[in-house]
Amino acid sequence: MPPSMWWFRRMHGSFRGSAVGRGYRRGKDMELMHRAMGFAALGLLTLVPLLIVVAAADPGDGQGFAEWLAEGLGLSESAQAEVEGLFTTPVAALESTTGFGLAALAAFGLTFGGAVQNGYEKVWEVPPARWHTMWRHLVWLAVLIGYLLLSSNIAARPADAGDLTWRLAAGLASALFFFWWSQRLLLGGRLPWAALFPGALSTVIGLGGLWVFSHLVFSPLIASNAVAYGPVGTVLVIQSWLVGVGFVVLGGALVGRVLYEERWRLARVARGAVRRVVRGAGARRPPGSPGSPGE
């Protein structure tokens with residue numbers, strides 16, 4: 001075998017046995033990218049219409065869904081103007097919404113919670129929940145809307161250097177708790193809180209990275225696509241951002257599982273190393289010394 005081929009096979013074997021390799025295989029088995037695309041499609045068709053109405057009725061600032069979206073994407077002023085052109089004003093959204101329409105939007109929004117639950121179940125390889133547990137989707141959807149309202153009101157506060165630290169801490173803490181609790185609720189309490197915390201932390205870190213990426217890439221892309229393709233170009237960028245959100249939400253849970261399992265594997269390796277060191281130290285003691293094997 002050529003040395004280069006031997007080296008490649010050795011590196012490939014090391015990668016497959018590593019935590020990164022296991023995470024890659026699990027992500028491939030659960031079709032993570034396809035699920036992220038489904039997350040984006042369902043979010044645009046079922047969740048966004050509901051959030052448009054909720055954002056318009058927000059008593060805190062009444063910014064509207066366009067401002068929510070601009071904050072999440074980290075858009076510049078020119079890109080934000082393009083996004084605002086896609087959505088109606090908050091007043092018009094409220095005037096055209098009926099009670100039946102709002103109930104229909106909420107019912108369709110439940111399918112989005114089911115998609116997230118199914119993704120978490122695939123990540124942890126647990127059986128699908130029974131049909132009578134669909135009430136969790138309603139609870140999760142209500143808390144999701146409350147979390148988005150809280151986040152938008154925190155972000156909409158006037159910029160103040162002395163208040164920035166508190167706002168950042170509140171945003172990170174609320175996001176961490178929401179994604180930690182979401183896994184626990186949607187998985188029906190079948191996994192302990194300690195196993196779900198790394199996934200929540202990975203999701204929050206991933207969303208922070210996505211916000212920076214959106215600010216650097218998607219914000220100028222919206223402006224250029226609006227010139228080249230019109231409103232359709234802006235919608236395509238928003239859809240791409242939603243794919244990224246879905247990838248981070250489900251991928252963060254997957255990374256959390258790998259980290260949790262790797263923690264216990266490393267603990268076993270460390271205990272084994274300590275035992276070998278202790279046995280080796282005992283074997284090196286001269287006969288007749290205290291604690292020596294021949295004593």
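1. The lining of the second largest pocket, in this predicted model, has 10 nonpolar and 4 polar residues and no charged ones. Its volume is about 190 Å³. The lining counts 14 residues. Gly-23, Tyr-24, Gly-251, Leu-254 and Val-255 lie nearest the centre of this pocket. H11 gives the most, with 8 residues.

2. The largest pocket holds about 1400 Å³ of space. Its lining takes in 42 residues. Those nearest the centre are Glu-71, Gly-72, Tyr-147, Leu-148 and Ser-151. By class, the lining of the largest pocket has 31 nonpolar, 8 polar and 3 charged residues.

3. Which elements each supply at least two residues of the lining of the largest pocket? They are H3, H4, helix H7 (99–124), helix H8 (135–155), helix H9 (161–186), helix H10 (193–229) and H11. H9 gives the most to this lining, with 10 residues.

4. The model has 1 cavity of 30 Å³ or more. The space in the largest cavity is about 30 Å³. Helix H3 (32–56), helix H4 (65–73) and helix H11 (231–284) are the elements that give two or more residues to the lining of this cavity.

5. Leu-44, Val-48, Phe-65, Leu-69, Phe-87, Ile-238 and Leu-242 line the largest cavity. That lining divides into 7 nonpolar residues, no polar and no charged.

6. In the second largest pocket, H11 gives 8 residues to the lining.

Technical notes. Residues are numbered from 1 along each chain as its sequence is written. This is a predicted model: local features need pLDDT of at least 70, side-chain atom pairs count only at pLDDT 80 or more; totals for chains, interfaces and linings use all residues. Side-chain values use heavy atoms; hydrogens and water are left out. On a 1 Å grid over the protein atoms alone, a cavity is a set of points where a 1.4 Å probe fits but cannot get out, and a pocket is an open set with protein on both sides within 12 Å along at least five of seven lines; lining residues have an atom within 4 Å of a point. Grid points are joined across faces, edges and corners, and a volume is the space filled by probe spheres set on the points. Helices (H or I, at least four residues) and strands (E, at least two) are DSSP runs, numbered from the N terminus. Ala, Val, Leu, Ile, Met, Phe, Trp, Tyr, Cys and Pro count as nonpolar, Asp, Glu, Lys and Arg as charged, and the others, Gly among them, as polar.
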